[in-house]
Amino acid sequence: MKKRKALIFGITGQDGSYLAEILLEKGYEVHGVIRKSATGNLKNIEHLLNRPAIDIQLHRGDLADSSSVTRIINNVQADEIYNEADQDHVRWSFDLVEYAVDITAGGVVRILEAIRLYSKQSKFFQPCSSNMFGICESDSQDENTTLNPQSPYAIAKSTAFYFTRYYRETYGLFASCGILYNHESPRRTSDYVSRKITSSVAAILSGRKNELFLGDVSAKIDWGHAKDFMNAAWSMLQLDSADDFVIGSGESHSVEDLVKEAFGLVGLDYKDYVRFDDNLVRVSRTSTLVGNVSKAKDRFEFKCTYSFSDLIKEMLINDIKLEGLDPKDYILK
C-alpha cells in the first residue's frame, strides 16, 4: 500500500515537530520545510532524522519566498499540507508589524495559491488563533463568535482565516482552519510565559537565578498541550469535508495559577521569587478567552489527554533535566 505523503511548513517548531511524530507513527512519508534561520536549529526533530530517508525529507524554503513555496508544493504533491510556520508571538508582532502580516497572512496566501495551481488534491490545514476573538462579551467562544482582533498578530491570523475560507468556498480546496487556544509543551521557547516560568523555576533550583519577572499574572488563559492540538489538526483532514474548528481545553487558568503550580511542584513559595515588571504588560489586552469545543467533540471526538497540572509537570521535569538536575530529587508529587 502506497504511503500517504504530508508536507509540514515549520517542521522544526513546537507544533510542526509534534505533528511530524504523529504522522510518522501513522505511517506517512513526511516532508518538512526548513528556512535559513532554522537550519541550525533542528533540535526538535533530531530524533526523527535518524529514520530511513524515505520516511522524512527536508526541503529548503521560506514563506516569504513564493517561488520556494510553489516549487516545494509542486514537487512533493502531498496528500496533506500543514502550515505550522508563522510569526506566532503576540508581543513580538507589535514591534514587527509588517513581518507579522507578510508571514502570518501573506505566507498563507502563497501556500493556497500554490495548492490551487499545482496540487489541488492536497488537503490543507491552517492554524489560527483564539487571539482573533480579542475583546468579546461571551464567556466562551465557538466557530460563530465574532472576530475582534487586538494585535497585529491576531489581525494577521484573522486574515489567514478568511483567506483559507475564501479558497475553500471559491476554488473548492479542502482547506480547514483550527482556531487554536494556547498550547504549550517542553518544546516551547522561553520567550513564552509558560516556558519562561518553568525554565525559571528550574534555574532557581540550580542556583543560576533567584528572581522571575512577570507582567500581568491575573490574565486567565485556556491552556492545552501541543500534542493534543496536533492530533486534532490531523483529525480535521480525515473528515469528508473541510471545515473550521475551535480547539482548546475548555477551561481557564491564570498566569498566577501556573506560577503557583510550577513553584509548588518543587516545594517553593512563588511569592519569594516573582517580581512584577510593567514593561512586560502587553500594549493591548484581550478578554478571557475559553474555547467551546463542542463541534470538534461532535465531529471527531476531540479531547485533551493532558490536564493543566500534567502539562506544567512535564514542562518542569524537562527544564530541571536541562539544568543538569534529577527531577526525582525535586518534584514533590
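Predicted model: local features only at pLDDT ≥ 70, side-chain atom pairs only at ≥ 80, totals over all residues.
Residues are numbered from 1 along each chain as its sequence is written, and side-chain values use heavy atoms, with hydrogens and water left out. The secondary structure of the protein chain comes to 10 helices and 13 strands, where helices (H or I, at least four residues) and strands (E, at least two) are DSSP runs numbered from the N terminus.

**Overall build**

- The protein chain has a radius of gyration of 20 Å, which agrees with the value near 20 Å for a compact globule of 333 residues; this radius is taken over C-alpha atoms, and the globule rule is 2.2 Å times the number of residues to the power 0.38.
- Along its principal axes, the C-alpha trace of the protein chain spans about 60 × 50 × 40 Å.
- Of the 333 residues, 53% count as buried, where buried means under 20% relative accessible area, exposed means over 50%, and partly exposed lies in between (1.4 Å probe, protein chains only).
- Among contacts between residues at least 6 apart in sequence, 80% join residues at least 24 apart, a contact being heavy atoms within 4.5 Å.

**Helices H4 and H5**

- The axes of helix H4 (residues 97–118) and helix H5 (residues 152–171) come within 8 Å and cross at roughly 15°, which makes H4 roughly parallel to H5.
- Axes here are lines fitted to C-alpha atoms, for helices over the stretch in contact, and angles run from 0 to 180 degrees between N-to-C directions; angles under 35 degrees count as roughly parallel, over 145 as roughly antiparallel, 65 to 115 as roughly perpendicular and the rest as oblique.
- The crossing of H4 and H5 is right-handed, a term used if the near helix is turned clockwise from the far one by less than a right angle, with anticlockwise giving left-handed.
- Residues making this contact include Val97, Ala100 and Val101 of H4 and Pro152, Tyr153 and Ala156 of H5.
- By class, the contact of H4 with H5 has 14 nonpolar, 3 polar and 3 charged residues, with Ala, Val, Leu, Ile, Met, Phe, Trp, Tyr, Cys and Pro counted as nonpolar, Asp, Glu, Lys and Arg as charged, and the others, Gly among them, as polar.

- Helix H6 (residues 193–206) packs with helix H8 (residues 255–265) at an angle of about 30°, their axes being 10 Å apart, and that makes H6 roughly parallel to H8.
- The crossing of H6 and H8 is right-handed, and Val193, Ser194, Ile197, Val201 and Ile204 in H6 meet Val255, Leu258, Val259, Ala262 and Phe263 in H8.
- The residues of the contact between H6 and H8 divide into 9 nonpolar, 1 polar and no charged.
- The axes of H6 and H10 come within 8 Å and cross at roughly 45°, which makes H6 oblique to H10.
- The crossing of H6 and H10 is right-handed, and the residues that meet include Ser194, Arg195 and Thr198 in H6 and Ile312, Met315 and Leu316 in H10.
- By class, the contact of H6 with H10 has 8 nonpolar, 4 polar and 2 charged residues.

- Ser17 lies in helix H1 (residues 14–25), and at 0% relative accessibility Ser17 counts as buried.
- Leaving aside residues up to four places away in sequence, Ser17 touches Ile11, Asn44, Ile45, Leu48 and Arg187.
- Glu256 lies in helix H8 and counts as partly exposed at 27% relative accessibility; apart from residues up to four places away in sequence, Glu256 touches Val217 and Tyr270.
- Arg110 lies in helix H4 and, not counting residues up to four places away in sequence, touches Leu63, Ala64, Ser66, Val69 and Asp102.

**Loop residues with positive phi**

- Most residues other than glycine have a negative phi.
- Phi of Gln77 is near 50°, a positive value, and Gln77 is found in the loop between helix H2 (66–76) and strand E4 (80–83), where Gln77 is partly exposed with a relative accessible area of 28%.
- Phi of Glu301 is near 55°, also positive, and Glu301 lies in the loop between helix H9 (294–300) and helix H10 (308–322), exposed with a relative accessible area of 69%.
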